[in-house]
Amino acid sequence: MAFAGIAGGDRMTLLTAENVQAGYGDRAVLRGVSLQLHVGEVVGLIGPNGAGKTTLIRVLLSQLSSTGKISWEGRSITAWSRKDLARRVAYLPQAPSSPALQRVEDVLRTGRAPYWGAFGLESARDLQVVLAIAERLHLSSLLKRPMLELSGGQRQRVFVGRCLVQEPVALLLDEPNTFLDIRHQVELNQLIRQLAAEQKIAVLAASHDLNLASMSADRLILLNEGVVVRDGTPDEVLEPQALSTVYGVTIERIERAPGEPPIVIPRYTALGR
Amino acid sequence: MIEAAQKTYRAKQWNIRRLLLTVLLATVIWVIVAALCVLVGSTGAIGWPGDRAFATRLWFRSERVLIASLVGAGLGMAGVVYQAILRNPLADPYLLGASSGASLLSIAWLVSMFGSSSTILFALGQQTAAFIGAILSVAAVLFAASSRGRIEPVTLILVGVIVNAVNGSFFLLIYSLHPEVVAQGGAFTFLIGGLQSSLSARQEWLAAACVLGGGIALMRISGLLNVAMLQTAEAESLGLNVQRLRWTGLVIASLVTASVVSISGPIGFIGLVTPHLARMVFGYDQRRLLPIATAFGACLLALADAASRFLSQQTLMQTELPVGVLTSLIGGPFFLVLLWRSRESQAETA
């Protein structure tokens, strides 16, 4: 499928969302969100609990109905079949499910489900892609191992792998760092950056860790109460005043070497010390 | 680089050839077991029938083995589908009320047959009553558990438990008001799960058609079952229409269950244990699991039926032991052992 992107500024626009509103029953969660995602760019989605990060991701995956305009690759989200969208956009949840005794190959092969025919029939290409991705993520020697025997970091790589075998142009992640220690957080974020650069995959990752998000993202989007409060480079978005208002704690900003994103931390003296 | 990986890892592509080979393997397993079961006679003899009525007896035995296999196959495939869609390893084909509904309506049919000369009732037959009971019961569960056309596994299981309990108590109520139904022998045995030898060819062919058609339809969606085992959001992001699969899968599996329950009554544990057995040998891929579990179900029930035929003659009973009693008697402890073993193996590797 050839993709003729829409030139948006200097980069090709993959996703456009305009004035998106969505919610659950009577409760409005998104109150007019507009954003864009470009080819090969890594975007961090930050904001406090309840800001609408997960809801936004579900809406962008077409799992939740919404009003407003969303289009992937210039085509309205309502015009995409679920299967076609799954071949373009992959999703990594906070805690992906895998039956404990399932093998790595089972998990990876499931990522090709959007390409299967009736009776779950696979093409030769389905397996080629799985093997290539396994090679790329250093999982080749683990293919026959049950998920249960893997370390937390390996397991996370398998789930990233399941997304990649979908051969997506965009990857949406919902708090991928939650259950990882610092080393694995860094490894995962490096991997995602590499993938974005190598394969021109656009990444939108919801995160609670502002510093990790700013270090791995080209751009940050700050969401609060269902609207985009700020959208720009980490340097622009991590503005102490705005963050303090949004998160409800006093936040301090520490500058680093030029070219490196700043560090933001809550001011601990505010906790009564 | 990829060639090197292929050397250490022989990937098996699930293509039409592998699908057919798997179905062939399943068939061969079943044919071997079924052939052994034919050797077990209802007189307690093991081996070819030795008397003049050889052909008749052999025919009679093979019919029994075929019916047992048919019922077991239906329960096996339905068990796999229920467990995958409800994402619950303890789910069995009776969870949504098929068996209790079948029992309830067929005891109602039995009771209303007394002192009634209604030809309509008689023509309807116990099996049809059971089939309608199973369908109505599952329909009630699906209707009560769905909201705006959406079904969630947890709600479904809870409503299923409730409807099963209500059906069960109505069954006992009718039974205590009409204790004379026990005297019905075979017809009563049906209610607690026993294969019948008095089925008409039409009933047998109907059930066989349901199981075969259902089996093909379920194989068609077997790949989707792999995806359905994930969380809903993950499954949807892999292109699966989760709600549509839940409906189609559960409706087809329930039809298969209803059709076999209507010729066998509620035979316990086959639908629950079979998928686990098949998984132990063949892993988690539902595309492979489905045909294998179907064969395993057929084998298990054919074996249990042969055992009950053998036991009934060798031990205390003159009358035949209902096979449902036997499957529950063996199936229960067997399932416990399975649970213990899987718990141990998880504890070791964790």
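This is a predicted model: local features need pLDDT of at least 70, side-chain atom pairs count only at pLDDT 80 or more; totals for chains, interfaces and linings use all residues.
**Conventions.** I number residues from 1 along each chain as its sequence is written, and I letter chains from A and number ligands from 1 in the order in which they are written.

**Confidence, chain A.** I looked up the pLDDT (the predictor's confidence in each residue, from 0 to 100). Its mean over chain A is 90, and 94% of the residues reach 70 or more. Residues 1-9 of chain A fall below 50. Beyond near neighbours in sequence, that stretch has 13 contacts in the model, a contact being two residues whose C-beta atoms, placed from the backbone, lie within 7 Å.

**The open sheet of chain A.** I took helices (H or I, at least four residues) and strands (E, at least two) as DSSP runs, numbered from the N terminus. Two strands pair if DSSP finds at least two bridges between them. Six strands of chain A form an open sheet with mixed pairing, in the order β7-β8-β9-β4-β10-β11. Which strands stand at the edges? They are β7 and β11 (227-232) of chain A; each has a single partner strand, so one side of each lacks a neighbour in the sheet. Neighbouring strands of this sheet are turned by 15° against each other on average, direction ignored. I noted one pair in detail: β7(A) and β8(A) run parallel over four bridges, and A:V89 has A:A170 as its bridge partner in β8(A). Helix α1 (residues 53-60) of chain A packs on the sheet and touches β4 (42-46), β8, β9 (202-206) and β10 (219-224) of chain A. The direction of this helix makes about 150° with that of β8(A); axes are lines fitted to C-alpha atoms, for helices over the stretch in contact, and angles run from 0 to 180 degrees between N-to-C directions.

**Helix α5 of chain A.** I checked the length of α5 (residues 152-164) of chain A. Its 13 residues should span 18 Å at 1.5 Å a residue, and the end C-alpha atoms are 19 Å apart, which agrees; the expected span is 1.5 Å times one less than the number of residues. For burial I counted other C-beta atoms, placed from the backbone, within 10 Å of a residue's own: 20 or more is buried, 12 or fewer exposed, and in between partly exposed. Ten of the 13 residues of α5(A) are buried, so the helix is largely enclosed by the rest of the structure. Among them are A:R155, A:F159 and A:C163. The buried residues pack against β7 (89-92), α3 (104-110), α4 (124-136), β8 (170-174) and α6 (182-199) of chain A.

**Strand β2 of chain A.** I found nine bridges joining β2 (residues 11-24) to β3 (residues 27-38) of chain A, antiparallel. A:T16 stands opposite A:Q36 in β3(A). β2(A) and β3(A) form a hairpin with two residues between them, and A:G25 in the turn has a positive phi of about 60°. β2(A) is also joined to β5 (residues 67-72) of chain A, antiparallel, by five bridges, with A:Q21 opposite A:T67.

Most residues other than glycine have a negative phi. A:N19, not a glycine, has a positive phi of about 50°. A:N19 is in strand β2 of chain A and is partly exposed because 14 other C-beta atoms lie within 10 Å. B:R87 likewise has a positive phi of about 50°, but lies in the loop between α3 (54-85) and α4 (98-113) of chain B. B:R87 is partly exposed, with 17 other C-beta atoms within 10 Å.

**Chain B.** I counted 14 helices and zero strands. Buried residues make up 47% of the 350 residues. Of the contacts between residues at least 6 apart in sequence, 79% join residues at least 24 apart. B:A201 is in helix α8 (residues 201-220) of chain B and is exposed because it has 8 C-beta neighbours inside 10 Å.

**Contact between the chains.** Chain A gives 38 residues and chain B 35 residues. On the side of chain A that touches chain B, two or more residues come from each of α2 (82-86), β7, α3 and α4 of chain A. The largest share, seven residues, comes from α4(A).
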